[in-house]
Amino acid sequence: MRPKTVTPAGIWGTGIYLPPRVLTNRDLEKMVDTSDEWILTRTGIRERRIAEEGQAASDLAVPAARQALAEAGVAAGELDLIIVATNSPDMLFPATACLVQHALGAVRAGAFDLQAGCTAFIYALACGAQFIATGTARWVLVIGTEVLSRLVNWQDRNTCVLFGDGAGAAVLGPVPEGYGILATRLGAEGAGAHLLSLPAGLSRHPASPETLAKGMHYIHMNGREVFKFAVKVMEEGFAEVLEAAGLSPEQVDFFIPHQANTRIIEAAAKRMNLPREKVWVNLDRYGNTSAATIPVALHEAVKAGRIKDGDRVALMAFGAGLTWGGMVLRWYDPRKENHIAREGEDGHYPHEAV
Ligand code: UT7
């Protein structure tokens, strides 16, 4: 049956979990041939979080999800769908989302993982919003979670200094007309797939003594080429998604970029004409947590009072694939008093009562 209307989807609550163990640049100096000065000036990273032994992606996802659900005022049992954006799932299958579904007791929810490199959270938000738009789902939990410390080669200074572990979650639900996701653009350049990959362990290169000896079960990256791609798509993708939303750069109140490198963020912000105070940067504290950077940064910016009801917020990310994605939302704060009730007496979605 075709939906009668398109229901706008927005974020009702967010949550994060960062493992407490801190690994500083100074600690890394003792592990590989690097320096605090090189890491800080080339990337902007000072320290990153590392999961405890035995902690997997779902273990980080669950506390982040619980916080997001509590903030949204949504019970786990009300969830219709759980999408976990990750490049470091607990295992290839079952999906990490199913493990999270069970841990939360979200018995009604469908659950699947989505892998799109560091852009995965934006892809997952876009995906969840479609289910809400068509009325197929009402409450969708989207989580970005990574334990990349298990996938990096701690002897490869080109990659091991960059990544960190963490999780961020968002509860998507129906919002009044004019709020929520205004525009989305998703892109991919598969021609650059070889530039960032974890080659072995699956059907192309099954795990073998040879793949192990060659370190093919670790992240491999051509940093310089990924950097060039990133600067290009951050600018072009931003222009595209703003055009789709019918906004000029000046109308963007806040910008949440993927946290991979401050030089990429600064170059992008400059080209987009966004002043520093409109941009959230936390990679000095967490490094690149891949699919988790956007939800963690979004949560922090909201908590810091930098994103308020009615603000136009742009999200931009890029990563393995190579993929990129941009999204513009008009922020909906469910606690703001002059919004209509979450559910009308007749059980309608909020926007239907507007
Ligand atoms: O989320 C998506 C994931 N990936 C990214 O976003 C990565 C995007 N790329 C980058 O952020 C940057 O390219 C890096 C930070 C990875 C590297 O910075 P760069 O300015 O592009 O450096 P480079 O790769 O061109 O390397 C410059 C030099 C090299 O030495 P030589 O060959 O010039 O003698 C590297 O061996 O820096 C060396 N180097 C290091 N030196 C000290 C590379 N890693 C390190 C290190 N410490 N950790």
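The pLDDT is the predictor's confidence in each residue, on a scale from 0 to 100, and in this predicted model the chain averages a value of 94, with 94% of the residues scoring at least 70. Over residues 340–354, by contrast, the pLDDT is below 50, although this stretch has 31 contacts in the model beyond near neighbours in sequence. Where pLDDT is low, the predicted coordinates should not be read in detail.

The model contains an open sheet of five strands, which follow one another in the order β1-β7-β6-β4-β5 with mixed pairing. Its edges are formed by β1 (9–17) and β5 (110–114), each of which pairs on one side only, and from one strand to the next the twist averages 20°. Strand β7, which spans residues 165–174, is joined to β1 by eight bridges in the antiparallel sense, and V171 of β7 is the bridge partner of G13. Helix α3 (residues 57–72) lies across β1, β7 and β6 (140–147), and the helix runs at about 130° to β1.

For H258, a polar side-chain atom lies 2.7 Å from an oxygen atom of the ligand, while an N or O atom in the side chain of R157 is 3.0 Å from a ligand oxygen atom. The side chain of W38 likewise places an N or O atom 3.4 Å from an oxygen atom of the ligand. Taken alone, the ligand exposes 940 Å², and 76% of that area is buried by the protein.

Key. Residues are numbered from 1 along each chain as its sequence is written. This is a predicted model: local features need pLDDT of at least 70, side-chain atom pairs count only at pLDDT 80 or more; totals for chains, interfaces and linings use all residues. Side-chain values use heavy atoms; hydrogens and water are left out. Two strands pair if DSSP finds at least two bridges between them. Helices (H or I, at least four residues) and strands (E, at least two) are DSSP runs, numbered from the N terminus. Axes are lines fitted to C-alpha atoms, for helices over the stretch in contact, and angles run from 0 to 180 degrees between N-to-C directions. Contact means heavy atoms within 4.5 Å. A polar contact is a pair of N or O atoms within 3.5 Å; within protein, one must be able to donate a hydrogen and the other to accept it, and residues adjacent in sequence count only if both atoms are side-chain atoms. Accessible areas come from the Shrake-Rupley method with a 1.4 Å probe; for residues, only the protein chains shown count as cover.
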